[in-house]
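Here are my notes on the model you sent over.

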Amino acid sequence: MKKLMMAATGGTLVGLVATTQFAGPVLAQTTSSDGSIYQQLDLFGDIFERIRQGYVEDVDDKALIEAAINGMLTSLDPHSSYLSEDDASDMRVQTRGEFGGLGLEVTQEEGWVKVVSPMDGTPADAAGMQAGDYITTVDGESLLGLTLDEALELLRGPVGSEVIITVVREDEPEPFDVSIIRDTIKLTAVRARTEGKAVVLRITTFNNQTYPNLEEGLAEQIEAAGGIENVDGVVLDLRNNPGGLLNQAVFVSDAFLNAGEIVSTRGRSLADSDRFNATEGDLAEGLPIVVLINGGSASASEIVAGALQDHRRAIVVGTKSFGKGSVQTVVPLQGNGAMRLTTSRYYTPSGRSIQALGISPDIIVEQPRRAAVEPETEESDLPQRTEAGLRGSLDNDSLTDDEIKQIEADRDRAEAAAQLREEDYQLAYAIDILKGLNALGGEEVGMISQDQ
């Protein structure tokens with residue numbers, strides 16, 4: 001079976017997930033020459049039967065077996081585990097990055113499902129769903145008391161099927177029903193925007209949509225800027241990104257490298273080892289790159305940060321990453337479940353394993369906690385004293401109208417940058433680095449050759 005590799009920390013949809021590859025079904029093998037292993041299996045059978053007969057309440061045989069399997073796997077390391085049929089299905093949804101649904105980003109608040117925002121161009125958007133709406137029932141079934149994952153299962157369904165949801169909206173006196181036809185929803189793995197003259201690519205996960213989203217988003221921002229000559233550089237924001245598909249981490253790294261190793265994996269045997277190399281082509285055309293990471297950046301995120309750092313293609317800014325550097329193989333089991341087993345470690349191009357160590361930033365920048373807002377004083381309401389405000393001051397008649405407009409535009413950008421520092425200090429710091437590199441010569445400053 002063709003291998004599909006992943007890198008992440010998180011559960012199937014939440015929690016801790018690992019660097020993973022898919023393999024063929026597991027087959028029973030006899031590797032022990034003595035009978036000790038069979039004595040232990042007999043012991044397991046005895047305990048299992050005693051529980052079935054003597055436990056104070058009736059037990060679910062299937063649940064007992066699954067718990068035993070999971071206990072055996074989780075005793076190995078935090079990333080080996082058993083996936084039930086539902087968990088295995090959820091993992092496939094996560095890695096595919098698309099599913100039949102409505103197109104809503106939701107959270108849970110006081111037991112109810114709250115809409116964060118409808119995704120553009122989705123059935124939920126067309127149906128008029130709004131940020132702040134509360135969903136109380138799905139097809140008449142109340143969501144109160146369900147976990148967010150359980151609620152999401154009710155909202156998802158076959159493409160083309162109808163779902164009726166009950167919505168509570170702040171401006172509406174009564175709850176009302178909304179009928180929506182499910183469609184194929186593609187998760188947005190990369191959000192692109194421009195801050196000043198820097199293109200910011202926020203990568204939230206590594207699924208099948210990540211590289212296409214990144215390529216498209218970067219091209220759109222460059223076009224909106226009027227060409228790449230009007231861009232200072234690129235910020236790859238990998239903060240709180242738990243990872244995902246390894247091949248997508250390789251594609252993202254390769255997008256900004258022309259040659260050299262991206263990552264290697266090494267297992268107990270040579271067959272479990274592999275190496276991934278970059279190919280010619282740089283989407284940023286040599287522009288400076290800053291990678292943002294923090295303690296929530298794990299696995300696939302660390303592969304990208306480590307590759308670009310080792311090749312000196314990017315400056316890594318932020319705080320130390322999570323430090324998850326192992327590879328898991330997902331093996332299909334009977335009943336459509338699966339087993340995730342740690343089979344190798346991965347290494348950055350310089351040969352370093354980041355397992356339990358993480359990626360150390362080139363420049364450590366903490367994200368300051370937001371301070372409590374101080375009440376404004378009367379003095380802060382007074383207009384700022386400047387030369388232009390003095391009575392009888394001389395006019396500046398040496399500038400043309402276009403030059404004055406340019407000065408005002410530069411001032412507006414500076415004020416926007418100051419505002420960004422209040423909202424996201426680490427991102428503002430990254431953009432300041434790009435400005436400095438661009439002012440000193442752009443890609444020739446601090447960037448290295450990628451042919452080593």
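1. Some ground rules. This is a predicted model, where local features need pLDDT of at least 70, side-chain atom pairs count only at pLDDT 80 or more, and totals for chains, interfaces and linings use all residues. Residues are numbered from 1 along each chain as its sequence is written, and side-chain values use heavy atoms, with hydrogens and water left out.

2. Start with helix α6, residues 210–224. Helices (H or I, at least four residues) and strands (E, at least two) are DSSP runs, numbered from the N terminus. From first C-alpha to last, the 15 residues of α6 reach 21 Å, close to the 21 Å expected at 1.5 Å a residue; the expected span is 1.5 Å times one less than the number of residues. After α6 comes Gly-226, with a positive phi near 90°.

3. Which residues of α6 are buried? They are Thr-210, Asn-213, Leu-214, Gly-217, Leu-218, Gln-221 and Ile-222. Because they cover an arc of only 150° around the axis, they sit on the same side of α6. "Buried" is under 20% relative accessible area, exposed is over 50%, and partly exposed is in between (1.4 Å probe, protein chains only). The arc uses the directions from the helix axis to the C-beta atoms.

4. What covers that buried set? The cover includes β12 (190–195), β13 (198–203), β14 (233–237) and α7 (246–254). Contact here means heavy atoms within 4.5 Å.

5. Now α7. Its axis is 9 Å from that of α6, and the two pack at about 25°. So α6 is roughly parallel to α7, a label for angles under 35 degrees. Axes are lines fitted to C-alpha atoms, for helices over the stretch in contact, and angles run from 0 to 180 degrees between N-to-C directions. Thr-210, Tyr-211, Pro-212 and Leu-214 of α6 meet Gln-248, Phe-251 and Val-252 of α7.

6. Next, the sheet. It is open and mixed, with 6 strands in the order β12-β13-β14-β18-β19-β22. β12 and β22 (363–364) are at the edges with a single partner strand each, so one side of each has no neighbour in the sheet. Two strands pair if DSSP finds at least two bridges between them; β19 (315–318) and β22 pair in the parallel sense over 2 bridges.

7. Last, look at Val-115 in strand β6 (residues 112–118). Val-115 counts as buried because its relative accessibility is 2%.

Key:
Parallel < 35°, antiparallel > 145°, perpendicular 65-115°, else oblique.
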